[in-house]
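Q: I have a structure open and want to go through it with you. Can we take it piece by piece?

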Amino acid sequence: MRGRKNISLLLAVALLLGVALSTSGCGVTKSLTSLKDRFAGKDSTPVVEVPPPENQLPVSHQGFSGETIKVTLYFADSTGSYLVPEERNIPKVVGLARATIQELINGPMPGSGLLPTIPAGVVLKDINIKPDGLAIVDFNKQLMLNHPGGSTAEKLTVYSIVNTLTKFPTVDRVQFLVEGQYVKTIAGHVDVSTVMGRNESLIKRAN
Amino acid sequence: MTGKLRQKTTAILLSVFLLTGAVMPGAMALEGRPLVQLRLNGSILVGDTPAYIDSNNRTMVPIRLVGESLGNVVDWNEQARTVRISRGDQVVGLTINSRQATVGGQVVTMDTEPVIVNNRTMVPLRFVMENLGARVIWDGATNTVDIWNQPRVERVVLTSDNVNLRQGAGTSFPRIETLPKNTRLTVVAQSGEWLEVRTESGKGGWVAGWLVQDLLVAAPDPGGVPDGVTTGPEVKRVEVTENVNLRAGPATTFTRLALLPKGTAMTVIGAKGDWLEVRLEDGKQGWVAGWLVTEVVTANPPAVPPVLPEKETPSEHGEPLRLAVVNSSVVNVRSGPDISFPLVTQVRSGQFLPVIGEQGDWYQVQMAEGKTGWIAGWLVSIRTLSTAARGDGHGRDPVNRADPLAGKIIVIDPGHGSIQPGNWSDPGAVGKNGLYERDVVMDISLRLRDILISRGATVILTRVGDTTLTLEGRAAIANDAGADVFVSVHANASTSRLLNGTTTYYYAPVGSPLEGQRADRQLLASLVQMEMVQAMGRRDAGIFEASFSVLRNTTMPSILAETAFISNPEEEALLGDPVFRAQAALGIAEGLAKYFAIKAEH
């Protein structure tokens with residue numbers, strides 16, 4: 001009896017939330033990361049944060065040999081000022097770079113005290129590593145639209161990706177694309193129009 | 001006795017400086033006399049005889065034109081060659097070709113005299129207007145004198161799109177409607193930062209004060225924001241019209257030093273925005289609000305100053321800044337004050353490093369990326385930046401009259417506000433309480449522009465509303481203008497709401513085409529950073545090198561100033577406060593002045 005009541009209560013709440021979302025558009029989901037959607041020409045439409053499509057999860061089994069491999073991901077430290085490496089074992093798949101960036105998008109380990117650097121809703125659309133060490137990464141437009149802004153946050157976003165990829169011996173430079181196009185900048189400060197090299201000065205020195 | 005004379009001389013010299021400094025830039029000579037445009041409450045005044053600047057550096061205007069435009073009564077006595085101008089119960093009497101005037105029946109002496117030109121009586125504008133209770137503002141950039149006879153801002157225009165008109169003074173009040181950019185509004189009342197307004201269709205409500213711009217710039221309310229807009233009032237002796245606070249600096253945020261009873265007289269020794277730096281009879285110094293004093297006109301300034309003061313006494317405003325100038329080709333910076341300490345980095349000849357400590361023969365210096373280190377004293381020369389080089393309008397060495405900013409071309413780039421594909425304007429970072437970086441940095445940039453113009457610089461803004469320019473396009477404005485420096489004004493953001501503080505960026509990596517400017521760009525960044533930290537009082541998060549588009553693409557020394565973190569709730573509230581924004585602008589201006597002062601000597 002009581003259980004049922006709770007369920008219907010939950011349903012009612014969910015329904016209300018749904019209504020609130022579709023009408024106000026900026027109540028529950030209002031957050032720093034999603035605010036820019038309101039500037040994408042639709043002030044009153046609800047913000048929907050699309051989860052990455054299934055085929056973006058490389059852990060899905062194509063090419064999985066059963067082995068794992070240790071990769072290094074760079075996330076923001078708890079103060080949001082620097083990058084800190086986090087080592088993580090991931091399945092050794094074909095397209096390891098793609099799988100690694102997906103791990104970066106997934107965010108730091110819970111309880112690590114680290115902060116994510118990639119905005120919500122970002123999908124890696126394509127990645128291509130040239131024989132000369134240039135990695136070309138193509139993200140969806142959420143990388144720009146959902147970015148919280150600020151030069152500090154933008155530097156961490158850009159160089160968490162660049163530093164993570166250049167940790168692979170086959171990669172020494174990174175070119176950003178958004179929706180298949182060259183862009184000047186992600187959030188109005190860092191010049192990403194040309195190839196980017198690794199940035200060691202942003203990595204927190206251990207001491 | 002000598003001391004008093006010296007003080008007086010300094011004050012006179014300063015006011016002469018303020019005057020000449022204000023009228024010289026851009027003055028156009030016609031028959032040897034620079035012409036001046038007049039605006040009354042924002043509208044251009046045209047007469048049959050143009051206004052001009054006379055040989056005493058006073059703006060002279062036809063009395064009937066301005067007198068009658070203001071609704072003053074002008075009586076001309078042909079026989080005595082005298083004019084009486086009255087406005088309410090205030091009366092000013094003038095005599096042609098005489099420096100003697102009357103204000104409310106009291107005989108006073110002016111520093112110039114009314115004359116007749118083309119059968120028109122020309123009178124000193126400021127003397128007449130200010131004694132009749134109007135406000136006179138000189139704009140050196142356009143050679144315009146603005147006369148305001150209205151006490152407060154009455155008309156404003158929205159600077160952003162989608163501004164909410166609300167039922168009360170705060171974001172918690174219900175929204176009545178959303179107004180587009182450039183909507184003009186009439187201000188009815190003000191509560192804190194919010195304005196009660198009426199739309200042109202007669203609808204009433206409240207809008208956020210930081211999303212509007214004055215259509216008419218008028219006298220601020222007491223306790224209002226120091227705008228840094230105007231040149232210093234040309235007064236020598238003043239007395240306070242009510243009980244007034246003497247403060248440590250030119251804003252209500254500075255510490256109160258004393259309460260001055262109504263009628264206290266003092267000498268004006270400097271000015272910043274609407275504030276006056278004053279010296280009391282007992283020698284005490286401080287700042288008072290310019291709108292709470294009235295001028296006490298004294299004897300004429302002598303044509304030739306009798307004695308030049310030797311040197312100004314050292315500054316009472318903060319520590320003098322010391323810089324270590326590297327004078328050996330490559331010098332090691334170490335982690336401690338001895339060659340046994342490990343190497344931190346190397347610096348090159350000609351680099352300037354701010355000195356933050358000293359031990360034995362070694363100096364502790366501030367470097368980029370928040371690093372500090374120690375450098376051998378015998379490989380550097382130490383430059384102390386006295387108040388004379390500060391060039392901040394007070395404590396100035398009267399022999400060195402040029403403001404270091406005078407004649408400089410400065411491009412200010414208010415960050416963000418770029419129209420994006422899909423036709424939306426990049427708001428920059430957005431604070432939790434809805435403050436947009438785009439709007440905050442616009443306001444700081446406009447304040448900065450006004451300060452720089454008042455100090456004789458030529459200023460170009462890369463945007464005033466939203467812009468279709470790319471980041472390279474913003475840099476190109478500065479490159480095309482042949483600017484001396486480029487300053488991009490921003491507010492920072494982080495995923496951590498705790499992160500706060502002030503940061504300045506530069507870019508000139510070794511091995512890049514910009515390497516030749518490395519020393520200059522680092523110097524510019526350090527000085528602006530230091531002055532912002534001093535002016536705003538936020539955490540010094542240091543200077544950093546970063547590959548930012550506007551810094552890469554500018555061909556002259558450039559910086560990107562991150563004033564404070566809009567993602568930090570405390571700093572978001574501060575950035576919403578116009579006083580804090582004025583402090584940010586003052587800090588940046590001061591850093592630029594210091595930079596040019598040093599460059600002038602090298």
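A: Before we start, one term: contact here means heavy atoms within 4.5 Å. Also, this is a predicted model.

Q: Fine. Which residues is B:Pro337 in contact with, leaving aside its neighbours within four places in sequence?
A: B:Gln359, B:Trp362 and B:Trp374.

Q: Why does B:Pro337 count as partly exposed?
A: Because its relative accessibility is 21%, and buried means under 20%.

Q: Step back a bit. How many helices and strands does chain B come to?
A: 10 helices and 43 strands. Of the 602 residues in chain B, 54% are buried. Taking contacts in chain B between residues at least 6 apart in sequence, 64% join residues at least 24 apart.

Q: There's an open sheet of 6 strands in chain B. What is the strand order?
A: The order is β39-β36-β40-β43-β41-β42, and the pairing is mixed. β39 (458–461) and β42 (540–545) of chain B stand at the edges with a single partner strand each, so one side of each has no neighbour in the sheet. On average, neighbouring strands of this sheet are turned by 20° against each other, direction ignored.

Q: What packs on the sheet?
A: Helix α10 (residues 578–600) of chain B does, touching β36, β40 (485–492) and β43 (558–565) of chain B. The direction of α10 makes about 150° with that of β40(B).

Q: Back to β36 and β39 of chain B. In which sense do they pair, parallel or antiparallel?
A: Parallel, over 4 bridges; β36 covers residues 409–414. B:Ile409 is opposite B:Thr458 in β39(B).

Q: Changing topic: how many aromatic pairs are there over all chains?
A: The count is 5. One of them is B:Tyr505 with B:Phe548: the ring centres are 4.6 Å apart and the planes are at 65°, so the pair is edge-to-face.

Q: Where do those two sit in the chain?
A: B:Tyr505 is in strand β41 (residues 502–506) of chain B, while B:Phe548 is in the loop between β42 and α8 (549–552) of chain B. They are 43 residues apart, and the pair links distant parts of the chain.

Q: Are B:Tyr505 and B:Phe548 buried or exposed?
A: Both are buried.

Q: Which residues do ring pairs link into a cluster?
A: B:Tyr505, B:Phe544 and B:Phe548. Chain A comes in here as well: A:Lys155 lies over the face of B:Phe544, at 5.0 Å from the ring centre.

Q: What about B:Tyr595 and B:Phe596?
A: They form an edge-to-face pair, 5.3 Å centre to centre with 70° between the planes. B:Tyr595 and B:Phe596 are buried.

Q: Last one. How many residues of α5(B) are buried?
A: 16 of the 18, so α5(B) is largely enclosed by the rest of the structure. This helix (residues 437–454) reaches 26 Å from its first C-alpha to its last, close to the 26 Å expected at 1.5 Å a residue. Just after α5(B), B:Gly456 has a positive phi of about 95°.

Notes. Residues numbered from 1 in each chain as written. Chains lettered and ligands numbered in written order. Predicted model: local features only at pLDDT ≥ 70, side-chain atom pairs only at ≥ 80, totals over all residues. Heavy atoms only, no water. Pairing = 2+ DSSP bridges. Axes fitted to C-alpha atoms, helices over the stretch in contact; angles between N-to-C directions. Phe/Tyr/Trp six-rings, centres within 6.5 Å; stacked < 30°, edge-to-face > 60°. Buried < 20%, exposed > 50% of the residue type's maximum accessible area, 1.4 Å probe, protein only. Lys NZ or Arg CZ within 6 Å of the ring centre and 35° of its normal. Expected span 1.5 Å × (residues − 1).
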